[in-house]
Amino acid sequence: MSNLGVILRLNIKKLQDGLRTQFLGRNIVFSHAATSTNDIARELANKGADEGTVVVSETQTSGRGRLSRTWMSPFGGLWFSAILRPRLKPSDASKLTFAAALAVAKTLRGLYYLEVSTKWPNDVLVSGKKTCGVLAEMSASGERTSYVVLGIGVNANFEAKALPEELWEKATSLKTELGRNINVERLFNTLLENLESIYLQSLKRGFLSVLEEWKTFATFLRTQVKVTDENEEWIGVALDVNVDGSLSLELQDGTLKRIFVGDVSVLTE
Ligand code: BTN
């Protein structure tokens, strides 16, 4: 019988057994078809779940991206959310998005030797196409962060063509780039190990140390980009990402603009 089209199911035992972390993923909540792992993780966090609890699902029926976008989550992908309880101000806790994107970038380069880059604010690209997104959601009271849910989606073991046609130009998957299936449990284990170590680094040495490393993957910096938000669009050179997480853009008339929310597309000459 042909192997084509066979769905590779996640092995919950392998997700847990291969882990060498101190706390991240020590408690895994596994589902075959969640609505959104972020929603489940938030419910658990609201009920007091420990830091490090991770919700994994083989598919999501209502996967969410930034700015309330739909996130397609077919079987074969790696869809999970981690509950963190950092002692950080809410404005600093939101920067953990960069820690997550850096962990993914390091993992994909380390395991598969792919051409990996990061794009502001939360994308990880392979060969210039989006392969992973991060959605950080938090709960805070006043100046205290009660928890952060870091949702990470990696297009792993499905062909990019399984995504809607309008995404084909901008998005890809590990399977499409590598021409083979990968071991998703190993990807998950390594990613959690890297994420835990970068998270601890950011608490100990500060966000700047994470941001500097994130920038080593940020090939969009110093290139001509278009940045769009809900109402506006700017074209200019992406100069830097600042310690508050904003993007500095040099507009075509030479003025500087700091952008806090938006999407970047790289303009090729
Ligand atoms: C984005 O690029 O807009 C962020 C995408 C985040 C997707 C992940 S998949 C796991 C978690 N659950 C969700 O519903 N979203 C995140």
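Modeller: Strands here are DSSP runs of E, at least two residues long, and they are numbered from the N terminus. The model is predicted. With that rule, Pro121 falls in the loop between β4 (116-119) and β5 (123-126).

Colleague: What makes the peptide bond between Trp120 and Pro121 cis?

Modeller: Its omega is about -5 degrees. Most peptide bonds are trans.

Colleague: Why is the pair of Phe80 and Phe188 called edge-to-face?

Modeller: Two values decide. A pair of aromatic rings is described by the distance of the centres and the angle of the planes. The centres of Phe80 and Phe188 are 5.3 Å apart, and rings pair if their centres lie within 6.5 Å. Their planes stand at 85 degrees, and planes over 60 degrees apart count as edge-to-face. So the pair is edge-to-face.

Colleague: Which parts of the chain does that pair link?

Modeller: Distant ones. Phe80 is in strand β3 and Phe188 in helix α6 (residues 184-205), 108 residues apart. The structure holds seven aromatic pairs.

Colleague: Which backbone atoms come in at 2.7 Å?

Modeller: One belongs to Arg64, 2.7 Å from a nitrogen atom of the ligand. Another belongs to Arg66, 2.7 Å from an oxygen atom of the ligand. As for cover, the protein takes up 98% of the 410 Å² of accessible area that the ligand has on its own.

Colleague: Where does the ligand sit?

Modeller: In the largest pocket. The test is that more than half of its atoms lie within 2 Å of the pocket's grid points.

Colleague: Which residues come nearest to the ligand?

Modeller: Ser36, Gln60, Arg64, Arg66 and Lys130, out of 19 around it. The shell divides into five nonpolar, 11 polar and three charged residues.

Colleague: Which elements supply at least two residues of that shell?

Modeller: α2 (37-46), β3 (78-84), β6 (129-141) and β7 (144-154) each do. β6 gives the most, with four residues.

How values were computed. Residues numbered from 1 in each chain as written. Predicted model: local features only at pLDDT ≥ 70, side-chain atom pairs only at ≥ 80, totals over all residues. Heavy atoms only, no water. Near = heavy atom within 4 Å. Polar contact = N/O pair within 3.5 Å; in protein donor to acceptor, adjacent residues only side chain to side chain. Areas by Shrake-Rupley, 256 points an atom, 1.4 Å probe, with all protein chains shown as cover. 1 Å grid on protein atoms, 1.4 Å probe; cavity = no way out; pocket = protein on both sides within 12 Å on 5 of 7 lines; lining within 4 Å. Nonpolar A, V, L, I, M, F, W, Y, C, P; charged D, E, K, R; others polar. Phe/Tyr/Trp six-rings, centres within 6.5 Å; stacked < 30°, edge-to-face > 60°.
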